[in-house]
Structure formats: structure tokens, C-alpha cells
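Please look at the sequence and the model first.

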Amino acid sequence: MELRIPPTRSLRGRLRVPGDKSVTHRGLMLGALAQGESTLYHPLKAGDTLSTAQAMRQLGAEINEVGEHFRIRGIGLRLQEPPDVLDCGNAGTLMRLLVGLLAGQEFFAVLSGDASLRRRPMGRVTAPLRQMGARIEGRENGRLAPLAVRGGGLRGIHYELPVASAQVKSAILLAGLFAEEDTEVVEPAPTRDHTERLFRHYGLPLEVEGGLVRTRRADPFAAKDLTVPGDFSSAAFFVVAALITPDSEVILEGVGLNPTRTGLLTVLKEMGADLTWEVTEGKEGEPVGVIQARSSALKGVSVDPGLIPLMVDEVPALAAAAAWAEGETYIPNLSELRVKESDRLAAIAKNLELLGVRVEAGPDWLRIRGGGVRSDGVVEPFHDHRIAMAFAVCGLPKGVVVREAHWASISFPSFWDDLERLRGGASSDGP
Ligand SMILES: O=C(O)C1=C[C@@H](OP(=O)(O)O)[C@@H](O)[C@H](O)C1
Ligand SMILES: C=C(OP(=O)(O)O)C(=O)O
């Protein structure tokens with residue numbers, strides 16, 4: 001699907017973005033492991049999380065859509081052997097966390113996914129899970145999916161993560177719920193902590209000491225309702241869109257503002273953004289609030305490398321802001337972007353070039369010379385939802401053609417409709 005967006009003169013209105021993808025994946029998995037029924041309120045229903053719902057059904061949980069929510073009947077800590085391959089679709093989070101969960105289950109399961117997911121590195125989870133005692137096979141000796149797992153008989157490990165990755169941390173913590181002795185994970189830098197917050201929500205064993213997270217074998221636990229905050233990563237596109245479009249003001253409500261996710265706000269403020277946010281409530285241990293963003297004269301900055309793990313999915317959106325800033329923006333510490341749904345470092349550089357922005361790409365860094373984009377460019381998502389949305393935003397003020405626009409539905413199915421509403425909101429829905 002190719003989409004043409006005419007030049008946007010103003011972006012105005014209020015928006016409640018869909019539920020958080022990371023929390024929805026985890027809520028479905030932990031709800032399935034719980035005993036009894038619970039409701040997952042305001043979940044994300046998009047490509048990635050529908051894959052998770054389907055996988056957990058294949059493992060024995062009952063999951064039904066009730067209005068906009070999910071009703072989950074968990075089957076307890078012992079899942080059922082799935083009758084077929086578990087299709088993780090495009091979702092790295094699903095595959096990596098599920099391998100961790102299956103490492104603790106005494107049955108055979110195979111996980112696969114789409115062409116993008118079958119290229120993504122899995123050795124980072126299969127190596128520590130094998131150390132714990134799980135038997136895992138896969139292409140290239142377990143470095144690539146499809147993966148075949150026969151779990152059970154796990155022992156706890158002390159593991160220092162070689163990369164700052166919440167997916168790897170979470171996979172090991174989930175396996176640790178089934179292991180003899182303690183399981184400890186040490187992070188090289190803070191990453192999103194939704195798994196830890198949800199362990200607390202369900203009363204699962206958890207101790208955090210600085211950068212060390214510890215868990216141990218879990219007892220059966222009761223199902224409990226969970227409300228999913230709005231997805232900060234989805235909100236990020238509209239924050240940047242409001243900053244770079246003239247005469248704009250966008251208010252995003254009910255957005256998750258977990259500090260391990262909001263590195264982008266820190267960088268945008270440093271760039272001079274007219275941006276405010278406020279935590280107004282806490283939903284099951286996750287801070288939730290409102291973001292207000294207005295048209296801004298941005299200036300280039302050199303980004304603190306330590307912030308990247310706190311904004312790892314927002315780098316494409318930051319690149320869109322940098323294209324419109326005055327001066328140069330330098331973004332370091334981007335090696336993880338090479339192994340996302342696409343090679344995002346290359347995809348960002350290519351799309352900036354397509355829009356006439358001068359960019360230099362190193363092995364793990366980008367240098368973007370701002371000043372705005374060429375009118376009416378065509379952008380190429382490379383089968384990647386975040387690249388599709390970020391470069392639609394980047395092209396908004398001058399008008400843009402987005403190829404493969406359907407990829408947005410992996411994490412944000414209403415993105416194009418919401419964008420259209422805010423584009424037309426200048427007269428009808430102003431804040
Ligand atoms: O744990 C999670 O839910 C996620 C962790 C991040 O991946 P890494 O752990 O590979 O950094 C992020 O990019 C992904 O979108 C979601
Ligand atoms: C990297 C992402 O997701 P995943 O790793 O779950 O595919 C993302 O949503 O940007």
C-alpha cells in the first residue's frame with residue numbers, strides 16, 4: 001500500500017494512543033501463566049501482540065477479545081505442548097521472551113517467524129538459556145530461528161548481559177521462574193523494566209539491587225487484572241510531528257511515562273522543543289500521564305550514548321526531528337539498530353537521503369545535518385513499522401509518499417487515521 005500525504009500546514013488535537021506493545025506482550029504471557037481469569041484492559045491489538053495472543057492460546061490459555069479488552073483464562077505454571085509451530089510473526093519480543101518461558105516447560109516446541117525475524121540474532125537468548133539447562137536447537141547452532149526447545153530441569157545462573165537488552169533480561173527472568181536456585185541478571189546499562197514491574201504486580205519473586213535483578217522458582221500465582229498504559233513509542237511519532245510542523249499543538253493522553261522509556265523527551269528538550277509532560281496516575285506500577293508538544297525551532301545536539309537504551313525504538317523519530325533542526329545532530333551507540341526489524345541505521349540514512357537531508361552513517365553512529373527536507377519525497381520503510389511512521393512524519397510539512405504504509409499495523413494500526421484526524425484538526429478538534 002502506497003500512501004500520499006499532502007503538505008501539512010498544521011497539526012492539532014488530542015489523541016489517546018493504543019496500548020503499550022511491551023506491556024501487552026508481557027501481560028498476555030503472565031496472564032496465561034496465572035491461575036484463573038483476568039482482564040487485560042486497553043491492550044495493544046496489532047500485528048505483534050495478536051501473534052502473542054495466538055501463541056499463548058496454542059500453549060493452552062484461553063484468550064478472548066471482549067470489546068477492546070482481552071479476557072484471559074490462565075492455565076497455571078505448567079503450559080501445554082503446542083500442537084504446531086508457534087508463529088512469532090514479526091515480533092522479536094515475542095520470540096525472545098517465549099523461548100525463555102518455554103525453557104522452563106517440559107515439552108517440545110518450535111518457534112518461527114517472518115523473514116525479518118528469522119534474520120534476527122537469537123544466540124543472545126539461546127546461549128544463557130542453554131547454560132540454565134534448556135535444550136535448544138536452531139539454525140546456525142541456535143543463533144537463528146526456527147528454534148526448537150525442549151525445556152525443564154533448569155538451574156539458576158548469574159548472567160552479565162553482553163548487550164543492554166530488555167528482551168534478553170526478560171527471557172532469563174521468565175526462565176528463572178522455573179529454575180532451582182536464584183537467577184541473577186546484571187545489566188550493562190538500564191533498559192526498560194516492564195518485566196520487573198509486572199513480576200511485582202503478580203507477586204512473583206523479584207529483588208533489584210542497582211543493575212542486578214534476581215528471581216527464583218515461582219509458586220502458582222493468582223490471575224489479576226492489568227491495565228496497559230498508552231505506548232510511549234507510538235506517542236513519540238506525534239510528539240515529533242507536532243514539533244516540526246508549523247502552527248501545531250498536539251496533546252497525548254494516557255501515555256506510559258516509565259522513565260526507562262522516555263529518553264527521547266530528554267533529547268528533544270535539549271534540542272529546544274516546546275514540550276511538557278506530567279505523570280497524572282500510576283497504573284499497576286507504570287507511571288501514566290499527558291504530553292503536550294508544540295511547533296518548535298529545534299537545534300542539533302550530540303546525544304548522550306547512555307540515553308540510547310532508554311529510547312532504542314525512538315531513534316527513527318529522533319532522526320526525523322534532527323532533519324528539521326538547525327545544525328548537526330550526532331547520535332552514537334546505535335549498534336543495536338542494525339538488528340531490529342530492518343537494519344534501522346541503514347534505513348534511517350537511506351530515507352534521509354531520499355528526502356534530501358545530508359547524513360553520514362558510521363558503523364554505529366549517525367550524523368544528520370538539519371535544515372529541512374525536499375518537497376514531495378518518496379520514503380521506503382524496508383518492511384519496518386517504525387521506519388514507515390518516522391519518515392511519514394519527517395515528510396509531513398512538505399508532503400510525502402510512503403511506500404508499504406501497511407507496515408504500521410505491526411504496532412500502531414490506527415496511525416494513518418489518527419494522523420489524518422490531527423491534520424484536519426486545525427478547525428474541528430483544536431485543543
Ligand atoms: O523488551 C521489550 O519489550 C523490547 C525491548 C527492546 O529490544 P531489545 O531488548 O532488543 O533492546 C525494544 O527494541 C523492543 O521494541 C521491545
Ligand atoms: C524492535 C521492535 O520490536 P521487536 O524487537 O519486538 O520486534 C520495535 O517495536 O521497534
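Predicted model: local features only at pLDDT ≥ 70, side-chain atom pairs only at ≥ 80, totals over all residues.

Residues are numbered from 1 along each chain as its sequence is written, while chains are lettered from A and ligands numbered from 1 in the order in which they are written.

Visitor: What distance separates the centres of domain 1 and domain 2?
Guide: The chain is divided into domain 1 (3-19 + 229-426) and domain 2 (21-207), with bounds from an automatic or database domain assignment. Taken over C-alpha atoms, the separation of their centres is 28 Å.

Visitor: Which domains supply at least three residues each to the shell around ligand 2?
Guide: Residues around ligand 2 include K21, D48, D313 and R386, where near means a C-beta atom, placed from the backbone, within 6 Å. At least three residues of this shell come from each of domain 1 and domain 2.

Visitor: Is D313 buried or exposed?
Guide: UniProt, in an unreviewed entry, lists D313 for "active site"; such annotations may be inferred rather than shown by experiment. A residue counts as buried with 20 or more other C-beta atoms within 10 Å of its own, exposed with 12 or fewer, and partly exposed in between, with C-beta atoms placed from the backbone. Because D313 has 24 such atoms within 10 Å, the residue is buried.

Visitor: With which residues is D313 in contact, leaving aside its neighbours within four places in sequence?
Guide: Contact requires C-beta atoms, placed from the backbone, within 7 Å. Beyond those sequence neighbours, the partners of D313 are S233 and R386.

Key
Contact = placed C-beta atoms within 7 Å.
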